[in-house]
Amino acid sequence: MGNEAPIHRPVMAREVARFLAAAGTKLLLDATVGAGGHSLAFLGSDPSTRIVGIDRDPAMVARARERLLAFGDRATLEVSPYSGLEAVLDARGLACVDAALFDLGASSVHFDEPGRGFSFLAPGPLDMRYDPRGGPTAADLVNDTPVEDLAVLLLEHGDERDAGRIARAIAAERPIRDTLRLADVILRAVPRRGRIHPATRTFQALRIAVNGEFAEIEHGLPAALRRLRSGGLLLAISFHSGEDRLVKRILRREPLAEPLPECPLGPEADEVRENPRARSARLRVARRREEVR
Ligand SMILES: C[S@@+](CC[C@H](N)C(=O)[O-])C[C@H]1O[C@@H](n2cnc3c(N)ncnc32)[C@H](O)[C@@H]1O
């Protein structure tokens, strides 16, 4: 991969590969195929493996298609949200899979493309939709949400402790249509503490709200569990505490899920050194129970 253009590096790929191999996985549902990093590693590990890969973002599916071309019909790719995964499997006549992987949230490819509006460090329109074909944008939320509701959104989706102050600052400056202007409004409203940019949590919260990410996880994880064979594995990598709390709650609540006691796992120090984006990753794994009592 030495001379390839910069691309999203799959996070905790070693740990994922270890779990998939230990469970004898031949057919993987990659629910967040993204740039195809995890799928590429999995398909390269054993010629008898196959994947069904979905992603909500048509541009990511096109990218994965290109990168996984060499695997021919061992890779089936489709544009779909998690909530549509059962329909995708039904359309392919697949009753169940051996494992399902959710590498949650945005890809670094999203942050590296200013035109998508995910980054507060580069100029772009406040969009943030994974699927740009429809639905409200971040600008719609920023400009049309009543100030009290905006504060709740920032708190609940971003764990933002200055939610009220930021929401009031935004309301006073509306309309706000681009990323750098929003970052600047936040920077002027709240003090900079430590190394984290004050706009980090607001941008995260808007992205989660724009894409209905928590509702998608609520639908997607139980749907994947239903489509696992007995003893099959559900793997979920989260990148912030709100996401990890939700994954943990679902895996504890779902009667079909038996959470593995060694989880959550974080990345090894060498991975964090090579890919700082991996530092907040948490991998949770659950086994599909044989029987439901
Ligand atoms: C962290 S990236 C996955 C990277 C991938 N594992 C790789 O190694 O290249 C997460 C991907 O999930 C997609 N995504 C986010 N929410 C989704 C949803 N509800 N349904 C399907 N895909 C979603 C994003 O578009 C993004 O490409």
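Which residues does the domain assignment give to domain 1, and which to domain 2? In this predicted model, the assignment places residues 13-109 + 213-288 of the protein chain in domain 1 and residues 131-210 in domain 2.

## How the two domains meet

The centres of domain 1 and domain 2, taken over C-alpha atoms, are separated by 29 Å. Nine residues from domain 1 and six residues from domain 2 take part in the contact. On the side of domain 1 that touches domain 2, α11 (213-226) and α12 (241-253) each contribute at least two residues. That side of domain 1 consists of three nonpolar, three polar and three charged residues.

## The chain as a whole

The protein chain contains 13 helices and seven strands. Along the principal axes, its C-alpha atoms fill a box of roughly 55 × 50 × 40 Å. A compact globule of 293 residues would have a radius of gyration near 19 Å, and the value for the protein chain is 19 Å, so the two agree.

Of the 293 residues in the protein chain, 45% are buried. Among contacts with a separation of 6 or more, 68% are between residues 24 or more positions apart.

## Helix α2

Which residues of helix α2 are buried? Helix α2 covers residues 37-45, and its buried residues are G37, H38, S39, L40, F42 and L43.

These buried residues pack against several other elements. The helices among them are α1 (13-22) and α3 (58-67). The strands are β1 (27-30), β2 (50-55), β3 (75-79) and β4 (97-103).

## Around the ligand

There are 23 residues around the ligand, and P10, T32, G34, G37 and E216 come nearest. The elements α2, β2 and α11 each give two or more residues to this shell.

By residue type, the shell around the ligand divides into eight nonpolar, nine polar and six charged residues.

## Confidence in the model

The mean pLDDT of the protein chain is 95. A value of 70 or more is reached by 97% of its residues.

Where does pLDDT stay under 50? This is the case over residues 1-5, and the model has zero contacts beyond four places in sequence for these residues.

Key:
Residues numbered from 1 in each chain as written. Predicted model: local features only at pLDDT ≥ 70, side-chain atom pairs only at ≥ 80, totals over all residues. Buried ≥ 20, exposed ≤ 12 C-beta atoms within 10 Å, placed from the backbone. Helix = DSSP H or I, 4+ residues; strand = E, 2+ residues; numbered from the N terminus. Contact = placed C-beta atoms within 7 Å. Domains from an automatic or database assignment. Nonpolar A, V, L, I, M, F, W, Y, C, P; charged D, E, K, R; others polar. Rg over C-alpha atoms; globule rule 2.2 N^0.38 Å. Near = placed C-beta within 6 Å. pLDDT = per-residue confidence, 0-100.
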